[in-house]
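Please read them alongside the coordinates.

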Amino acid sequence: MNTLKRVDEVIVTLTSWVVAYLTLQMALVVLLGVFTRYVLNDSLAWIEELARFSMVWLSWVGGGLAVRRGAHIAVEFLTDALPPNLRVVVVFFGRLAVFFFLGICVWYGIDLTGRVSAQSTIALGISMQIPYAAIPIGAFLMAYHLVAVMAFPWARVERPQTEIQV
């Protein structure tokens with residue numbers, strides 16, 4: 001159990017570092033783009049492409065951390081209105097549906113990544129497999145974090161209970 005918890009901590013830490021790096025990279029690239037366009041009056045061709053691909057990777061990889069922390073948007077007033085036993089069942093089947101959807105994203109993401117192997121980006125000149133690989137990798141990470149939240153006691157995030165008082 002300790003080994004499993006340690007591996008899980010490594011995955012969360014590495015993912016957090018990747019998300020932090022991608023956020024910093026995107027911010028710096030966008031600032032460089034603004035500087036070259038409006039100060040130097042000559043924009044660099046690769047800036048917009050790198051910022052876009054950074055955002056794609058950031059969204060897919062960061063989505064896993066959002067799953068882990070319970071940070072995805074949700075309409076909770078419906079499940080909160082249910083009796084506790086029924087709420088557990090509905091949340092479980094909702095998570096199962098999300099897991100199924102993420103499996104589809106992994107499956108077709110791998111297929112799509114393979115299909116674009118002969119293509120390259122216009123400005124950066126890299127294989128289109130690099131941006132498209134964010135789909136299966138990110139979906140796999142989201143599925144992993146979803147399973148972790150459901151199976152590992154240390155990974156569960158308790159949602160703060162807020163009450164609206166009139």
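1. H1 and H2 each contribute at least two residues to the lining of the second largest pocket. Helices here are DSSP runs of H or I with at least four residues, and strands are runs of E with at least two, numbered from the N terminus. H1 provides the largest share of that lining, seven residues. In total 13 residues line the second largest pocket, and Gly33, Val34, Arg37, Ile47 and Glu48 are the ones nearest its centre. A pocket is an open set of points on a 1 Å grid over the protein atoms alone, where a 1.4 Å probe fits, with protein on both sides within 12 Å along at least five of seven lines; lining residues have an atom within 4 Å of a point.

2. The second largest pocket holds about 180 Å³ of space. Its volume is the space filled by probe spheres set on the grid points, which are joined across faces, edges and corners. Eight nonpolar, three polar and two charged residues make up the lining of the second largest pocket. In this classification Ala, Val, Leu, Ile, Met, Phe, Trp, Tyr, Cys and Pro are nonpolar, Asp, Glu, Lys and Arg are charged, and the others, Gly among them, are polar.

3. Residues are numbered from 1 along each chain as its sequence is written, and side-chain values use heavy atoms, with hydrogens and water left out.

4. On confidence, the protein chain has an average pLDDT (the predictor's confidence in each residue, from 0 to 100) of 89, and 93% of the residues score at least 70. Among the elements of the protein chain, the lowest mean pLDDT, 81, belongs to helix H3 (residues 76–80), and the highest, 96, to helix H5 (residues 129–132). Where pLDDT is low, the predicted coordinates should not be read in detail.

5. Four salt bridges are present in the structure, each defined by a side-chain nitrogen of Lys or Arg within 4 Å of a carboxyl oxygen of Asp or Glu. One of them joins the side chains of Arg68 and Asp8, at 2.3 Å from N to O. Because Arg68 belongs to helix H2 (residues 47–69) and Asp8 to helix H1 (residues 2–38), the pair ties together parts that are 60 residues apart in sequence. Arg68 counts as buried at 8% relative accessibility, and Asp8 counts as buried at 2%. Buried means under 20% relative accessible area, exposed over 50%, and partly exposed in between (1.4 Å probe, protein chains only).

6. Arg52 is partly exposed at 38% relative accessibility, whereas Glu48 is exposed at 52%. Arg115 is exposed, at 62% relative accessible area, and Asp111 is partly exposed, at 34%.

7. Of the 18 residues of H6, 13 are buried, so the helix is mostly covered. Val149, found in helix H6, is buried at 10% relative accessible area. The C-alpha atoms of Val149 and Arg68 are separated by 6.3 Å, although the two residues are 81 residues apart along the chain.

8. Most residues other than glycine have a negative phi. Asn41, however, has a positive phi of about 60° although it is not a glycine. Asn41 lies in the loop between H1 and H2 and is exposed, with a relative accessible area of 70%.

Technical notes: Predicted model: local features only at pLDDT ≥ 70, side-chain atom pairs only at ≥ 80, totals over all residues.
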